[in-house]
Amino acid sequence: MAQEPKSSSRESFLAQHASFIEALCVEAQCARWELPHEKFAEALHRSMESRFHGAAGSVAEIQTYLKSLRVQDLALACACSEGIETAWEFFIGSYRQELRNASRAILRASGSADDARAEELADSLYAELYGVRSNTDARRKSLFEYFHGRSKLSTWLRAVLAQRHVDLLRSGVKTISLDTGRERDAPSVQEPHVEFTSTDPDREKYLARFDRALSMALAELLPRERLILACYYVDQLTLAEIGRILREHESTVSRQMERSRRALRENVTQRLLHSEMACDGGLAEPGLSAAQVDLAFEYVLEDWPFDLSRALSKEVSGADPPER
Amino acid sequence: MESRKHEEENDRRREEGLARRIGEALDGMSSSGGECPSAEIIAAYHERALEIEESGRWENHFAGCSRCRKILAVLAASVDAPLAEAEVARLGELVASADRASQAAPSQKVKPFQPRKWDWRARWLAPALGVAAALAVWFAMRPPWRLPSTEPAGTLIAQAPKTEAPQEMPLRSLDQLSSAKPEENAKAVAPSAKNQPSAKDLAVNPEPALSARNREADGNPVAENRDNLKAAERAITDEKKEQNTLSDAVPAGASAAAPAPPPAPATPPQAFVKAPGAPVPPGSQTQAVTVTSEAAAVSTASRTSGSVAASSGANIPSTARNYTNLSKPGAPVGIYVKVTAPSGKVLWRAGRAGKIERSSDSGSKWNLQESPLHEDWLAGSAISDKACWLAGRNGAIARTKNGKRWEIIVPPPTSANTSGKLPDWIGIAAADENSATITSMDQRHYATKDGGKTWQGQ
């Protein structure tokens with residue numbers, strides 16, 4: 001049943017963009033791999049579906065999206081998925097060494113300099129790239145079918161390798177001892193754990209209010225700003241590493257983080273100074289005085305914010321790697 | 001001061017407090033991130049291939065998902081391509097072999113380096129021979145040095161009859177000049193014009209005409225002379241091809257209504273005149289200045305008045321050696337500057353001995369204009385079809401507002417040297433009728449905004 005709407009949407013897609021698809025076939029050099037145009041058109045349709053998620057996009061939007069694809073890489077991936085030998089030979093010759101280099105880099109970044117393991121990691125992809133037949137489906141399903149041309153084929157392969165490596169690490173984290181996990185997840189400010197007893201009965205209230213204000217202030221930041229802060233404060237990455245993730249210079253990341261911290265500080269201060277709506281529908285809490293705000297910040301400085309058990313429970317209950 | 005320090009300290013402590021809470025607060029937002037993206041999305045995000053809205057959506061997820069952040073970090077790290085162990089080993093072998101080679105070398109007795117005398121000579125011999133050869137060619141191609149002559153420079157287009165000495169002949173009016181016929185003008189050549197070489201002669205036997213002063217001022221590199229020779233030869237070739245007589249040719253030395261300073265003696269021509277770009281004021285409507293090279297130009301070394309008297313050249317007989325130049329219309333001989341107005345239809349060209357010509361049909365026909373000075377014009381700038389500035393030797397600056405009548409613009413007094421000599425202006429850029437910037441040969445700039453009444457050094 002589910003096939004009917006898909007095939008009809010594919011047919012309508014092919015009919016609506018026939019000439020455009022033909023032009024893309026030429027640009028993609030499908031003839032080089034002797035890739036049938038219908039197969040390439042199906043790959044384009046899959047890519048379009050993954051982008052628009054079934055929502056009807058206008059002809060212009062769809063064609064703009066299709067124009068942005070790496071059609072030559074898509075044609076190669078499609079040809080490899082179809083088992084065309086010339087495409088496979090070209091792929092092995094062109095990408096094998098790059099995959100091994102990427103694997104080596106990934107493992108070295110994780111502290112492992114084993115070239116044999118790197119080759120093993122890289123070569124492990126080939127079987128899945130070629131395709132395996134499931135018990136229920138006689139058709140060979142290749143990993144290449146998940147490539148939709150939105151990036152370079154080499155980048156996609158590296159992303160797949162990175163996903164596998166991280167998932168492998170995360171699955172091994174659950175068996176790591178508490179001490180190791182604590183070291184890895186410890187906040188940047190290393191202070192001894194101190195049982196603090198305060199004589200101020202409102203201390204916990206101040207801390208709770210502070211946390212709420214901080215959460216709301218964080219929500220008002222741009223996603224990119226939050227991402228930078230998360231990479232820095234949660235993942236303990238350096239500015240250079242964050243810059244490489246975001247493809248920006250380290251100084252740019254530094255400036256952005258400074259701006260975000262300043263904005264957070266001002267936002268949190270203002271929220272503490274002003275009254276706060278009660279979450280449970282009760283009376284609104286009045287704003288704190290300037291002295292009380294200072295006190296709240298002092299309590300935050302004094303307080304050991306890290307809850308080890310809570311952090312570990314989150315780590316263990318982290319979601320399993322989703323399907324590709 | 002104290003309060004500011006206290007505030008800064010306060011801010012620092014607050015940020016430190018925030019830093020302790022941010023990580024946990026961000027972790028608390030992770031549940032809203034949604035499902036993790038596929039490798040396709042991660043790869044596209046890494047390449048910045050996602051649309052802005054889509055990228056922001058996924059960044060929102062990444063901010064709350066440590067797994068995806070880890071994948072992004074690993075993907076970024078995978079760009080590096082570290083060498084394989086075998087490659088590292090190979091590099092090590094290469095380094096070791098290089099070390100062994102360097103260690104083995106000192107075992108041989110190394111003699112202290114003693115440069116051989118003939119090596120030292122040989123090092124300088126080649127360039128010296130090259131310079132000598134170039135000088136020999138230069139001397140061979142140019143006529144012998146001339147003594148400065150008191151007679152005015154020869155006219156370029158001399159058509160009207162000339163019966164008196166050049167220094168006594170005033171510049172003709174525009175009407176007279178335009179109506180002069182080549183046949184009539186052929187006889188009217190200043191006696192001194194006989195001594196003026198034609199462009200052909202100059203091309204064949206270029207005068208080593210530069211005075212010492214000019215040489216110092218210009219540098220007069222050999223290469224420039226070579227270029228001048230080529231340009232002059234091209235001019236000769238063009239002249240031979242053109243058979244039209246000057247219908248509107250007029251003697252360049254026509255009398256002027258304004259009193260002209262006493263003419264300077266005809267001095268050896270200068271090989272090349274440059275008009276490098278002067279600084280262009282913002283919003284300037286300056287047009288491109290084209291300088292055509294001239295094999296022979298007038299040197300100012302021995303002038304007393306700072307201007308070059310223009311002889312009409314009307315007395316040049318048809319058998320005179322420079323007749324071919326004079327009889328060829330549109331010949332660029334003696335032209336140093338060509339200025340195009342913004343419309344493209346009106347052009348001015350100016351050059352030796354104060355010659356100014358204007359064309360209103362994109363250069364098909366040229367009308368000689370009455371020049372207020374007899375100096376060589378070296379640079380120009382046209383603002384419109386009617387407004388144009390010219391600058392030249394010995395502080396010469398002129399301007400026309402109506403496209404016909406040229407007026408002298410007094411140069412900046414401070415530009416004169418200790419002996420009172422005004423510089424040669426090699427560049428001018430005009431923004432409007434009253435605003436212009438001039439550049440001297442030694443790269444000094446002066447600007448005026450009131451039509452030359454006052455000047456400011458730049």
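Predicted model: local features only at pLDDT ≥ 70, side-chain atom pairs only at ≥ 80, totals over all residues.

Me: What makes S7(B) and S8(B) count as a pair?

Reply: Two strands pair if there are at least two bridges between them. S7(B) and S8(B) have four bridges, so the term applies. Within this pair, Trp389(B) has Arg399(B) of S8(B) as its bridge partner.

Me: Which sheet do they belong to, and in what order do its strands run?

Reply: The sheet is open and has four strands, in the order S6-S7-S8-S9 (chain B), with antiparallel pairing. The twist averages 25° from one strand to the next.

Me: Why are S6 and S9 of chain B said to stand at the edges?

Reply: Strand S6 (377–382) and strand S9 (406–408) of chain B each have a single partner strand, so one side of each lacks a neighbour in the sheet.

Me: How do you know which strands S4(B) pairs with?

Reply: Count the bridges again. Strand S3 (residues 347–351) of chain B is antiparallel to S4(B), with four bridges. S4(B) also runs antiparallel to strand S5 (residues 367–369) of chain B, and three bridges join them. The cut-off is at least two bridges, so both count as pairs. In the hairpin of S3(B) and S4(B), four residues lie between the strands, and Ala353(B) has a positive phi near 55°.

Me: Why are both faces of S4 of chain B called covered?

Reply: A residue is buried if 20 or more other C-beta atoms lie within 10 Å of its own. In strand S4 (residues 356–359) of chain B, Ile356(B) and Arg358(B) on one side are buried, and so are Glu357(B) and Ser359(B) on the other. Neither face is left uncovered.

Me: What share of each chain is buried?

Reply: In chain A, 31% of the 324 residues are buried. In chain B, the share is 47% of 458 residues. As for secondary structure, chain A has 15 helices and two strands, while chain B has twelve helices and 13 strands.

Me: Why is H2 of chain A called roughly perpendicular to H3 of chain A?

Reply: Helix H2 (residues 18–27) and helix H3 (residues 37–52) of chain A pack at about 105°, and their axes are 10 Å apart. That angle makes H2(A) roughly perpendicular to H3(A), because the term covers 65 to 115 degrees.

Me: Which residues meet there?

Reply: From H2(A) come Ile21(A), Leu24(A) and Cys25(A); from H3(A) come His37(A), Phe40(A), Ala41(A) and Leu44(A). Six residues of this contact are nonpolar, one is polar and none is charged.

Me: How many residues does each chain give to the contact between chains, and what makes a residue part of it?

Reply: Chain B gives 52 residues and chain A gives 58. Two residues are in contact if their C-beta atoms lie within 7 Å, so a residue belongs if it has such a partner in the other chain. On the side of chain B, H1(B) gives the most, with 17 residues. That side divides into 24 nonpolar, nine polar and 19 charged residues.

Methods. Residues numbered from 1 in each chain as written. Chains lettered and ligands numbered in written order. Buried ≥ 20, exposed ≤ 12 C-beta atoms within 10 Å, placed from the backbone. Axes fitted to C-alpha atoms, helices over the stretch in contact; angles between N-to-C directions. Parallel < 35°, antiparallel > 145°, perpendicular 65-115°, else oblique. Nonpolar A, V, L, I, M, F, W, Y, C, P; charged D, E, K, R; others polar.
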